Structure formats: structure tokens, C-alpha cells
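Consider the sequence and the model displayed below. The explanation is intended to be read alongside them.

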Amino acid sequence: MAPVAPRRRLLHLAGSPVDEFFADLSRLYAAGALDALSGDDRYEHVIVHVAPDGTWTFPAGLTAADVAAAEPLSAASAIDRITRSDIDAVLPQMFCRPGMTSYRSLFDVLDIPLVGNPAEVMAIAADKATARAVVAAAGVAVPAGEVVVSGDRPSTPLPVVVKPVDADNSLGVTLVTEPDGLVPALESAWEHGTRALVETFVPLGREVRCGVVVRDGEPVCLPLEEYSVHAEGSPIRTPADKLARTGDGDLYLVAKTADHAWIVPDDDPVVPAVHAAARLAHEALGCRHYSLFDFRIDPDGRPWFLEAGPYCSFSRGSVVAVMAAAAGMDVTTLFATVLDELDRERTTP
């Protein structure tokens with residue numbers, strides 16, 4: 001009888017030191033990953049949760065009650081416990097800026113393998129102005145645009161899309177078609193940061209996302225996911241198109257319903273151009289394991305880069321997981337593929 005491989009101990013890094021919204025968002029995705037992966041006998045799961053007050057816990061689950069029942073620890077005590085826990089890999093599930101950068105860097109310092117993109121890639125992607133400059137230099141089409149701070153007036157002609165440089169989930173994003181809408185749009189963006197990105201509005205068209213998964217060192221593009229946008233009524237995606245709360249206050253994913261998002265057939269004429277742009281963006285940003293990009297398709301079928309979101313939660317509803325499933329790769333196979341790539345990197349000179 002062949003020996004049974006030891007189970008790999010996975011650390012699910014959840015929560016947020018910033019606020020309850022990011023903590024709730026993290027728990028939503030992390031709980032989905034635990035549900036998807038918990039039936040796989042290859043893994044043992046450990047949860048660590050960082051609260052907005054700075055305390056760390058090791059809860060048994062990811063409900064608010066589970067987190068509240070766990071013993072609060074200081075960061076130093078929690079890190080000491082982690083280093084003594086024989087963790088084989090960390091699955092980061094934090095979506096605030098510190099969670100995507102500083103907390104990922106921590107595990108590099110501890111020499112504990114991290115699933116997904118490193119802190120430096122996440123920092124570039126989280127800054128929309130920097131990300132667009134990097135991919136544009138690699139030959140990816142980006143809308144004309146400029147960054148403005150309080151007191152400045154943009155010169156980009158209307159219509160424009162105004163967005164915070166470093167916020168996600170379409171927070172503070174506004175389409176401006178008339179001059180009197182520009183100042184309110186800028187003020188809305190500045191509520192989420194000190195800089196606003198003002199981009200030329202790319203007319204519809206369509207809006208799609210493209211995921212990339214690395215296999216044996218090579219980036220492989222997944223089927224596209226398309227989102228419901230219409231020239232009249234909903235020309236851009238807003239926060240209401242992505243997240244909402246139930247009557248009990250729990251977050252859920254709006255964009256996963258069939259009337260909001262669907263998989264694009266492989267023979268659709270936009271697929272080759274989007275795949276080519278996504279590969280360029282993946283390489284330009286220095287992504288590893290996987291990546292995800294938003295594109296606007298103009299009426300002529302040309303894709304324009306909007307932003308990068310190089311994360312995957314490995315819940316069944318995570319965008320990259322949905323795309324992989326459409327390609328015949330379920331979430332456990334997707335996760336195993338990523339772990340294989342992580343192992344390959346750590347053993348290749």
C-alpha cells in the first residue's frame with residue numbers, strides 16, 4: 001500500500017484592522033473558501049482573524065459569533081502561535097489596503113509560503129493610477145486620464161468616469177456627462193482617498209473580466225465573465241451591482257446572479273483580444289499564481305483596461321473560481337493547481 005501523504009496545514013488569514021465593512025467582506029469570502037475546501041482530505045484548516053481594534057483571534061469558524069467567542073490576543077502573541085503551528089501555506093483573505101500589503105509581507109518575513117500575489121504586486125494593483133501606467137507601458141490600451149487632488153480641476157473632456165485612486169467595489173465611482181456633475185463626483189471620490197482618477201468614458205460596448213491561472217510557470221487565460229451594463233440606465237457598474245446586505249445585515253454578492261453576470265462563450269469574437277491584453281497585464285504587473293482584470297469593450301470590439309484585482313478567495317463564488325469552473329476546473333482542482341505552482345517556485349533554483 002502506498003503511503004498516505006500528510007495533510008497540509010492551511011492558515012486562512014481573515015478580518016481587517018481597518019473597519020467592520022472590510023472585516024465582514026473578508027469573512028464572507030473566507031467562509032466560502034472554507035466551505036469549498038473543507039471536504040478535501042488533503043488539507044487541515046486553521047483560521048486567524050484580525051479585528052479592527054487590532055486584536056487577533058483563532059476562531060473555530062467565521063461567523064460573527066465564532067469570532068466573538070475566541071480569545072483575543074495581541075499581534076505578538078498571535079504571530080508567536082502561528083510560528084509554532086507548522087503552517088504549510090497561508091491563504092490571505094483580507095481586502096483592505098493593509099491586509100493586501102503589510103499582512104502579506106509579514107508572512108514573507110516569517111518565511112511561511114503565501115498563496116497568491118505578493119504585497120508589492122497588490123500595492124501596485126490597488127493604486128489604479130499606477131496599475132494603468134504599468135500596463136499601458138506594456139502595450140495594453142487604457143483610457144486617457146489624469147489624477148487630481150483637492151483644489152485641482154481636471155482637463156480631460158467630458159464624458160468622464162471619476163473614481164478614487166485606491167478604493168475597490170466601485171466605491172466613489174461616478175459617470176459625469178455634464179459640467180455641473182464634475183465637482184460632486186470629485187468630492188465623492190475624495191471621500192475615499194486624497195486622489196481621484198478621471199478617465200475618458202469608453203462607450204458601450206460591453207464590460208468583461210478575464211482571469212489568468214499559472215500552470216507550470218505559464219499564464220493560462222480562463223473564460224471571460226461579462227457583466228450587465230446598458231447604455232441607458234446602467235452605463236457603468238456601481239457598488240449596488242457588486243455587494244448588498246440582507247435584512248439581517250449580512251453581506252452577499254449581487255454580481256453572482258444570472259441577470260448580473262454570465263460566462264462568455266469561447267468563440268465570442270472579443271475573447272482573443274481580451275486574452276492577449278490580460279496576458280500582457282499579468283506579466284507587466286509581475287503577477288504570480290493567478291490574476292484578474294476588468295476590461296471595457298468599445299463599440300468596435302477593442303478592450304480597454306479598467307483595473308486589476310489580482311486576488312482569488314477560492315470560494316465557489318469567487319470570480320476566478322467561477323471562470324475556472326466554466327473551463328472544467330472545480331475549485332479544489334484550482335486550489336491544488338495554485339499550490340503546485342507555489343511548490344514549483346520554492347523548489348526551482
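This is a predicted model: local features need pLDDT of at least 70, side-chain atom pairs count only at pLDDT 80 or more; totals for chains, interfaces and linings use all residues.

Residues are numbered from 1 along each chain as its sequence is written, and side-chain values use heavy atoms, with hydrogens and water left out.

The chain contains 11 helices and 16 strands; helices (H or I, at least four residues) and strands (E, at least two) are DSSP runs, numbered from the N terminus. Of its 349 residues, 52% count as buried, where buried means under 20% relative accessible area, exposed over 50%, and partly exposed in between (1.4 Å probe, protein chains only). The accessible surface of the chain is about 15,100 Å², with 53% of it belonging to carbon and sulfur atoms; such areas come from the Shrake-Rupley method with a 1.4 Å probe, and for residues only the protein chains shown count as cover. Among contacts (heavy atoms within 4.5 Å) between residues at least 6 apart in sequence, 66% join residues at least 24 apart.

Strand 15 (residues 290-297) and strand 16 run antiparallel and are joined by 5 bridges; two strands pair if DSSP finds at least two bridges between them. I297 stands opposite P303 in strand 16. The two strands form a hairpin with 5 residues between them, and G301 in the turn has a positive phi of about 85 degrees. Strand 16 (residues 303-308) is largely enclosed by the rest of the structure, because 6 of its 6 residues are buried.

V214 has P219 of strand 10 as its bridge partner. There are 2 residues between the strands, and D216 takes a positive phi near 50 degrees.

Aromatic rings come next. Rings of Phe, Tyr and Trp (its six-membered ring) pair if their centres lie within 6.5 Å; planes under 30 degrees apart count as stacked, over 60 as edge-to-face and the rest as tilted. The count by this rule comes to 9 aromatic pairs. In one of them, the rings of F293 and F305 have centres 6.4 Å apart and planes at 50 degrees, so the pair is tilted. F293 lies in strand 15 and F305 in strand 16, so this pair ties together parts that are 12 residues apart in sequence. The rings of F295 and F305 have centres 6.3 Å apart and planes at 80 degrees, so this pair is edge-to-face. Both F295 and F305 are buried.

In soluble globular proteins, nonpolar side chains tend to be buried together. A nonpolar core is a set of buried Ala, Val, Leu, Ile, Met, Phe, Trp, Tyr and Cys residues joined through side-chain atoms within 4.5 Å. The largest such core has 29 residues, and those with the most contacts inside it include L91, F314 and L339. Helix 11 (331-347) is one of the elements that each supply at least two residues of this core, and helix 11 gives the most, with 7 residues. Apart from this core lies another, of 25 residues, among them V142, L224, L285 and F293.
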